[in-house]
Amino acid sequence: MAAWALWVLLVPVAAELMFVLLVPGAEFGFASCYSDHMVLQKEPAGAVVWGYGEPGAMVTVALSEDSGFIISKKTVQVKGPSGTWTTVLDPMDPGGPYTLTAMEASRNVTLQDIYFGDVWLCSGQSNMAMTVLQIVNSSQELAAAAHYPHVRLFTAAPARSDQELEDLEQIDLPWSIPTAAWKWLSPPTPLLCCCFFLPICSCFLNRKSGPWEFLLLLGCLLAVWAVPARGPRLPRGAGGGGLGRHPHRGLVLPQGSAGLWAAGGGREPGEENTHLHTDQYNCTFPALIADWRWAFHTGSTGQNQLLLPFGFVQLSTYRRQSPDDSFARLRWHQTADLGVVPNARMPSTFMAVAMDLGDEHSPYGSIHPRDKQTVAHRLHLGARAVAYREKNLVFQGPYPTRAILDMTRDLLNITYSQELVWRHRDMLAFEVCCSSGWLPAPVVTVEFHQVTLALAGCGTLVLGLRYAWAEWPCDYQSCALYNAWGLPAPPFLLDTSPSTGGTELLLCPSSRL
C-alpha cells in the first residue's frame, strides 16, 4: 500500500448540482461528509466516524483492505433520540486505499477508495470562493490538477443558521479526485481549502466556550457586546454541520475585508460586517482561534490537539492612495499587536503576508487579487514550519530587533532579524513619530541586516516607528524590504524609548492607535 502525504481541499463554491443529505431520523448510513474517495486524518489522531441509525440499535464499523482483510472493527450503539452513532478508529499510518463499512442488523453501507492522510479545514469568504478560472495561470493549474490524484476535494455548500447544525444542510461536491474539470473550484494548491463561513469574529465566537478560555472571551465580548451576532456560528462538536467532530491537521482562515467598512468609510457589496468594532480585533481574533480549538478538541473527543495549528492570510489591499489606515490597523491586530506570529498570545499560528499582492486591475475588484499561488506558497511555508515543525525553514520575512540613534548625523539605524533585500529604493515606507506627529523617514542605505533612515525634521526625539502603514503599501511584489527567499517584511507599529545610554531605542509593539 502506498503511503502519501494527502491533502484535503474543501472550498466554498457555487455549483449547479446540489445533493440531498441524510437528516437525523432518516435511513441508516454515514453522515453527509462521508463518501467514496474521502480522506480521514492519519495518526496520531484516531479518525472519528459517525452517522445515523435506529435508536438503541448496534452498529459495527469495519475498516478493510481491498483484499477484504479486516484491519479493525468497532461496535457502537445508536443514541436516542438523536438517532446518531459515533466511533473512533484506531490511529492509521498514511496510505490506502481502504474500504469503510457500517453495518446495522441486515443493513450496511460501504465506502470505497478511502485514504488516510492530513486533513486541513479552511474557512473563507469571497476570496476563498474565487474559482480556478478567476486566478492567474488558470490553464496551467487546470492542466496540472490530474497529476495529483491523492489530493481529494470536498465542497460544503454555503449555509446560514442561528442554531448549531447536526449535519451539513447541503454539499456542492462530494469527495472527488482532481481533474481538469475542476475549473469551477478554488485553486488546487499544496495546502487545502474548505467549507464556507463568513469570517466575522462576533459570529464565530460561540455562546458556548470552554472554561479555560472564559477570561479571554469575557474581555473581548464585553468590548463588542453591542454587536449583534449575525450569520453562521462556530462549528461545535455536534453542531456546525458536524465538522467539529472530525480530526484535522490544522485550520486555515483567509481573512477577508470583513469588519473594515465601519472603520474605513465604505462598504464592499455583500459584506456583512458594518457594525463590528475593528479596534477590538486584537482581542477577538485570538479569542476566535481559542474558541475554534476548544470546539474541535471537545467535538472530536480529544482527537484534535488543543493547540491545533491555525494559519491565516494577512488582509490584502483595496484602495490606492487612501488616507484611511483601517487596513493597516487590522493587519496589525491580526497579529494581536505583536507584528509576527506565532507569538505568546497566538501560539501555533502562522500568517501569509499579502499586503504586497495588490491587484488594482482585477476584474473582480481590487479586494480580490488573482494571485492565489503566492498566498498558497506562503501558507505552505508556515504550515511546514509550525504544523510540521520543520527545522531551519524560513517561513516569514525580516522583522526589526534593534534601533540605534546616530545623533550627530540625524540618522536611525535599524537592525533586522534576517538579511535584507532592498527591492524598491524610492519608496517612503518608513515613518517616525516626532513631537509634531508622523513624518516620512527616507531610507538612506540598506546593508545586510541594517536599514539606515534619515530623521530630517524630527531630530533625535523619536517616539514611534512604523513601516508599510497604508491601505495600499506597495505595488505587486514591490514593497521596500524582503528577505533572500522573497518573503516581504511585515508591517509594524513600534513605540520607541531611549535606553539608559541614550543612543539605543527600546522597541516595543504599540497598541496605541
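**Exercise 1. A serine and its contacts**

Which residues does Ser138 touch, not counting residues up to four places away in sequence?

*Solution.* Keep in mind that you're looking at a predicted model. Start by placing the residue: Ser138 belongs to helix H1, which covers residues 138-145. Next, list the contacts. Leaving out residues up to four places away in sequence, Ser138 touches Val132 and Leu133. Finally, check the cover: Ser138 has 16% relative accessibility, so Ser138 counts as buried.

**Exercise 2. The chain as a whole**

Work out how many helices and strands the protein chain has, and what share of its residues count as buried.

*Solution.* Begin with the elements: there are 7 helices and 27 strands in the protein chain. Then turn to burial, where 58% of the 513 residues count as buried. One last step is to see how the chain meets itself. Take the contacts between residues at least 6 apart in sequence: 74% of them join residues at least 24 apart.

**Exercise 3. Charged partners**

The whole structure holds 17 salt bridges. Take the pairs Asp359 with Arg370, Glu504 with Arg402, and Arg466 with Glu431, and say where each partner sits and how exposed it is.

*Solution.* Go pair by pair.

- Step 1: Asp359 and Arg370 form a salt bridge, at 2.7 Å from N to O. Both are in the loop between strand E16 (349-352) and helix H7 (372-387), 11 residues apart. Asp359 is buried, with a relative accessible area of 13%, whereas Arg370, at 24%, counts as partly exposed.
- Step 2: Glu504 and Arg402 also form a salt bridge, with their closest N and O atoms 3.3 Å apart. Glu504 is in strand E27 and Arg402 in strand E17, 102 residues apart. Glu504 is partly exposed at 25% relative accessibility, and Arg402 is partly exposed at 41%.
- Step 3: Arg466 meets Glu431 in a salt bridge of 2.9 Å, N to O. Here strand E24 supplies Arg466 and strand E20 supplies Glu431, with 35 residues separating them. Arg466 is buried at 13% relative accessible area, and Glu431 is buried at 18%.

To finish, look for a network: salt bridges link Lys42, Glu43 and Asp118.

**Exercise 4. Walking across a sheet**

In the open sheet of 9 strands, what is the strand order, and which strands stand at the edges?

*Solution.* Write down the order first: E21-E20-E24-E26-E27-E17-E18-E23-E22, with antiparallel pairing. Now look at the ends. Strand E21 (437-440) and strand E22 (443-447) each have a single partner strand, so one side of each has no neighbour in the sheet. From one strand to the next, the twist averages 25°.

Next, zoom in on the neighbours of E17. With E18, strand E17 pairs in the antiparallel sense over 6 bridges, and with E27 over 2 bridges. Ile404 lets you trace both pairings: its bridge partner in E18 is Asn413, and its bridge partner in E27 is Glu504.

Carry on from Asn413 and you reach Thr452, its bridge partner in E23. Strands E18 and E23 pair over 5 bridges, again antiparallel. Lastly, check the turn: E17 and E18 form a hairpin with 4 residues between them, and Asp410 in that turn has a positive phi of about 55°.

Definitions and conventions. Residues numbered from 1 in each chain as written. Predicted model: local features only at pLDDT ≥ 70, side-chain atom pairs only at ≥ 80, totals over all residues. Heavy atoms only, no water. Buried < 20%, exposed > 50% of the residue type's maximum accessible area, 1.4 Å probe, protein only. Contact = heavy atoms within 4.5 Å. Salt bridge = Lys/Arg side-chain N within 4 Å of Asp/Glu carboxyl O. Pairing = 2+ DSSP bridges. Axes fitted to C-alpha atoms, helices over the stretch in contact; angles between N-to-C directions.
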